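Okay, let's get going. Have a look at this one with me, and then I'll talk you through a few pieces of it.

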Amino acid sequence: MEVNFSPTLTAIRKHGIGRSNLIPILHEIQGEYRYLPEDSLRSVADIMDIPLVDVYGVATFFTSFSLRPKGKHQVTTCMGTACHVRKSGGVLEEAKRFLGVEPGQTTEDMLFSLETVNCLGACAMGPIVVIDGKYHGQVTPAKVKKLLQDVADAERVPEYVEDRVAAVL
Amino acid sequence: MVRLRIDGQSVEAEEGWTILETARYYGVDIPTLCYDEGLSPYSACRLCTVEIISGGRSRLSASCSFPVREGIEVLTDSNKVRRARKVIIELMLASCPNSRTLQCLASRYGVTEIRFKAEDRDCLLCGLCIRMCKEQMQAGAIGFSGRGVDRQVTMPFSMKSESCRECGACLYICPICEMPCGGPMQPGELCNSCLDTVQLQAFPCREE
Amino acid sequence: MSKIESLPSFEQYRKALDSERKKYTATVSVCGGTGCHAHECVNVFDAFESEIVHRGLEDSVELKITGCHGFCEMGPLVVIWPQEIFYKQVSPEDVPRIIEQSLLGGKAVEDLLYQDPSNGGKILREDDIPFYKKQMRILMDMNGKINPRNIDDYIVQGGYTALAKALFELEPEEIIDAVDRAGLRGRGGAGFPTANKWRSCRQAKARDGIKYVLCNADEGDPGAYMDRSLLEGNPHSVIEGMAIGAYAIGANQGYIYVRHEYPLTLENLLTAMDQARELGLLGVNILDSGFDFDIKVSVGGGAFVCGESTALMASIEGRIGEPRVKHIHTAERGLYNRPTNLNNVETWANVPLIINRGVEDYASIGTEKSTGTKIFSLVGKIKNTGLVEVPMGTTLREIIYDIGGGVPDGKTFKAVQTGGPSGGCIPESLLDTPVDFDRLYEVGSMMGSGGMIVMDEDTCMVDIARYFLDFLCDESCGKCVPCREGLKQMQHIIADITEGNASPQQLDLLKELAWTVQETSLCGLGQTAPNPVLSTIRYFEEEYAEHLEEKKCRAGVCKALISFEIDPEACTGCLRCKKSCPVGAVTGEKKQPHTIDQSQCEKCGICLEVCEYEAVIRK
């Protein structure tokens, strides 16, 4: 994948070269590419004069960063204690089974990334699943299955329509 | 000068010395793994844990980084210390059971079983190689990546680093990835009969 | 906005704001906390905005979106001032009626009022609602009155007068003395006396004269969101507190470390700081006092361990969040090896309060050794989920039952968990424990940052211990052997227990490991990690025994120990469970009783969820 360096340079120019700006700069780069490309990290190390081992260490220590591209749809289940007590564990299990991935991974067709988060601060609505930024509350295993199915259906509309047509004919 | 007591003996130390340095100066043995005199202390293995009594309170702490303080009482072999030390050695063995260094420690300190789920790693994440590469060899080619149980020592992107001069210092300093224990036990089991005779002469026998 | 150049100008500015606002006959405050955001309160706000313009009421009705009001269960919330009418679960469609009836007609919209569950009566005012009645919201009440993105709201309520008083009427030592006599203790978890920290930092020698004050807004405890609501809804209270602290300590630079999972908080904070700078309340020569102070914001990367002070400082410096030993305190050598004072969000917010209310008044709240109030996030199996602020010394029972409304769905209370992953579970027999730092330590838990999770009969306490161990294993930095390897082995044992594969000897091994991890870990994360396990063993030993000896999970949670079956008498053969089963474990024809193939069943419980005839039984 060709990496255009501008987002990296823009981020560094915006925040500054000092080492304390490393984490905000990585957030910006990740915001742009949906992950941290190797070339970007090498540029950051060179331009900011930080040893590459340290940049790599920071990029792999903090879970908000990913070194592999994320999927089109971001599915996040809240694993906070309040949600856990309201049985969010079952919701995560069903999401894992439906998507066929573990938290932190992306489906092969690059459509879904599954993540967990420690607490979203909306405990009254728990258990919570966030799909593409939209919060869904009081989610159960059956509900998350339906939510994900809806997104999957919307993605596969052309084939879905053909399948339906084939089934009818 | 700072005055303190180690195992009942009054000793004097320079301001800024650690308990470990002071103990070694006076010939008191405290086991270590991630410590090396020529490198900065890291306090990660916790094998050098001792009991420190001060102000009427007792606590355990790693001696390699604890600066000496006036009036403290240090116990290097109390029941609490022995208890903690044995579990730490056992935890290390559960991670790297085939390491000769750890097998020796097990024999010396009376660890005769591994009650935990054992793996077969060749790295205890003590960080000696990283500090050696950075501080002594001035290369900084390797570092920690990841976090927690997924922490590893790597070169960035698992690719040969440009700063690596292949000096071999990391291999030299590693206490784990050396020749595995060649004793008569099955791989992953405790030997306990493979005693380092040189060490046995210098220090007291292991407990029964 | 132009810079306020002096103290007299500041007082004039406030007076001008006050008289300008007298034109408003009513204020509509729409709660903009995260919980309400999730319920799309923005649509409610937009509806009010357009309706107010549509009716030409802009000059008499003040509309604002405020910080979190705390009663998250009932959102979106709207409060109408000056009568303080409290409306719950408001939708955009309700807005025209509210304006017609309440703003113009002076009456309440009945169906939007809160209904008292004990007698069915409708309650008009916020303060009369049982949830709020027993609270003492000295910190949180501003949340409902100010728009965090408008500094004028804060100033007109008396904001920054504490800072002015500190700069012009008090010496630094006097401020530390006031905080000392007020008895303020850290609200981040350990409850360390704040004045002692400040004093150490003040006395420390800075090699180049530079010292720092830091605010810990990492709030990693899952289930706790008080700091977020405070910082998001009233950022100036923290900014003002830090400025006062900096003046007392002799620092001119501050940092606020915010977790990156709080984007709204970050935005509000940055806006607040910009506005404070514009007015000259942050920056060089504040109000012509000769005191300089400014703040930088630093963002986290998703690591619970960065709530630990030395890991937090490492993260600010752009390094990994690996804690270091604290034999040399951070008050002497902290951020960039300079004297640093770190306090929690809520601790900082208490500082202006102490100056404004006075030491005696503040110290009269709470208990002798734990003064003031504490904000808790009351969540889990509780009717009134939300943020609760009570004086220290209030009992757990009062919080859970009088304020929280008790456990919903007729279930029985089992335990309340406080202190997050460093804390413990407290059983029913100890519910009359007053909440204060020392009492909670005594019962094997701790105050922590304020997360209070209520659990009922459907919660398995062994599973809770497992949950926290899983969390801590994920979040451990991995540096030291006891924490990294010890917690991992504890995790293996607890997993075995929940799967019915453990022997009683393993329980002893678990306790031995817990002791070792507590005693030998390098930092607070490891040292407190065994607490959830130890406190559940202490108070719920029978549940552990049932898992170990009888292979039974009384709460029906541990999957290996439960099974789902269909009662052939109750089953109508409707096929619902068969269609919903994600692994195809249900067999049976239409109108014939269905059966679950136990070898295929994944125990997800979907069949139980979808059955309308109560034919699915969990054993």
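I'll take chain B and then move to chain C.

Quick housekeeping: this is a predicted model, so local features need pLDDT of at least 70, side-chain atom pairs count only at pLDDT 80 or more, and totals for chains, interfaces and linings use all residues. Residues are numbered from 1 along each chain as its sequence is written, with chains lettered from A and ligands numbered from 1 in the order in which they are written.

So, chain B: 6 helices and 7 strands, where helices (H or I, at least four residues) and strands (E, at least two) are DSSP runs numbered from the N terminus. The order along the sequence is β-β-α-β-β-β-α-α-α-β-β-α-α.

Over to chain C, and a helix pair. Helix 9 (residues 194–203) of chain C and helix 11 (residues 235–249) of chain C have axes that come within 8 Å and cross at roughly 50°; axes here are lines fitted to C-alpha atoms, for helices over the stretch in contact, with angles running from 0 to 180 degrees between N-to-C directions. That makes helix 9 of chain C oblique to helix 11 of chain C, oblique being whatever is left after under 35 degrees (roughly parallel), over 145 (roughly antiparallel) and 65 to 115 (roughly perpendicular).

Who touches whom? C:Trp198, C:Cys201 and C:Arg202 from helix 9 of chain C meet C:Gly245, C:Ala248 and C:Ile249 from helix 11 of chain C, contact meaning C-beta atoms, placed from the backbone, within 7 Å.

Notes. Contact = placed C-beta atoms within 7 Å.
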